[in-house]
Amino acid sequence: MNSLQTEFGTFNFYQYIESSKENLTLIFLSGIGINSSYYDFFNVIEELKSKTTLNLVTLDILGSGLSDKPINKARTLDNITTEINCFLNTLDCRNIVFVCHSFSAVYILNLINSRSYRKKYNVKGFIGIDPTSSHMMLHYASDFDYSLDEVLRIKEKRKEKDYFEIDKTDINPHLEKNLFDECKNCYSNLVGNEFQISELLEAKKTVKTMDNIKLSEEIPSMSILSTLNISDYNNFGNPYFNRNKYSLEIVLNSHHYVHWKQLNLVVDFIINFTKYDL
């Protein structure tokens, strides 16, 4: 595991196949809260390592996964976006393709479209795996309340005992037992922390700010959507699908964790997308 100190906190991340910085670097990010992209994308990375020479980086947002606590305790849209941008500028990679699952796509959409962030890197593409649509989530805002209530209950339970064990539902089922146990322990230690609570408290404001913001047509994109949520994308739109000649939208028979349910297909689609002249 690598560590990168920044003015906003220390990021812990994994970097694989460190080829030339001129080559494409894929940055993998997980959804809202405590998840670690290292565990969530572990099997995707293993497959890509054996089939490509791309730079691969699994990044955990500050306060989640394997990264350290953030200096800015408020988990606002601006704070998180600024921190990710700082990490990427410090990492010193030239050409980036983001691979975002779920809510992380909202932060990256803000980063890509905003002109206020100074970027030392070129965003060459965006891959969304069931990426969160802000417009869609405004119609399901009660989901944030439900999640927040659940996390607050867990916070109270943690006061009663030293260790709280999470359910295995949100743990990558493809992990070998030692990694599965590591992941379960990591998430059990993090669930109910102040940063998860802050991010959930900010979530409604975040999606309201990003409502009707769409991915720039300068950026080639690939959306890998699940059959679980496709009707909502059809009803409310997909802000990550644009008219760039290389952009495409794919629907796979799956739950929200498409990269677990359809591992091999997701890997193949990522490889083929990066073969375009991005």
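1. Phe87 is buried in this predicted model. Its relative accessible area is 0%, and a residue counts as buried when that value is under 20%. Phe87 belongs to helix 3, which covers residues 77-91.

2. The ring of Phe87 pairs with the ring of Phe11. This is one of the 14 aromatic pairs that the structure holds. The two ring centres are 5.0 Å apart and the planes meet at 55°, so the pair is tilted. An angle over 60 degrees would count as edge-to-face, and one under 30 as stacked.

3. Where does Phe11 sit in the chain? Phe11 lies in strand 2, residues 9-16, while Phe87 is in helix 3, and 76 residues separate them.

4. What kind of pair do Phe103 and Phe144 form? Their planes stand at 85°, so the pair is edge-to-face. The ring centres are 6.0 Å apart.

5. This second pair links distant parts of the chain as well. Phe103 is in the loop between strand 5 (95-101) and helix 4 (104-113). Phe144 is in helix 6, residues 142-160.

6. Phe103 has a relative accessible area of 3%, so Phe103 is buried. Phe144 is buried too, at 7%.

7. Which residues make up the aromatic cluster that includes Tyr14? Tyr14, Tyr16, Tyr38, Tyr39 and Phe42 form one cluster.

Definitions and conventions
Residues are numbered from 1 along each chain as its sequence is written. This is a predicted model: local features need pLDDT of at least 70, side-chain atom pairs count only at pLDDT 80 or more; totals for chains, interfaces and linings use all residues. Side-chain values use heavy atoms; hydrogens and water are left out. Rings of Phe, Tyr and Trp (its six-membered ring) pair if their centres lie within 6.5 Å; planes under 30 degrees apart count as stacked, over 60 as edge-to-face and the rest as tilted. Helices (H or I, at least four residues) and strands (E, at least two) are DSSP runs, numbered from the N terminus. Buried means under 20% relative accessible area, exposed over 50%, partly exposed in between (1.4 Å probe, protein chains only).
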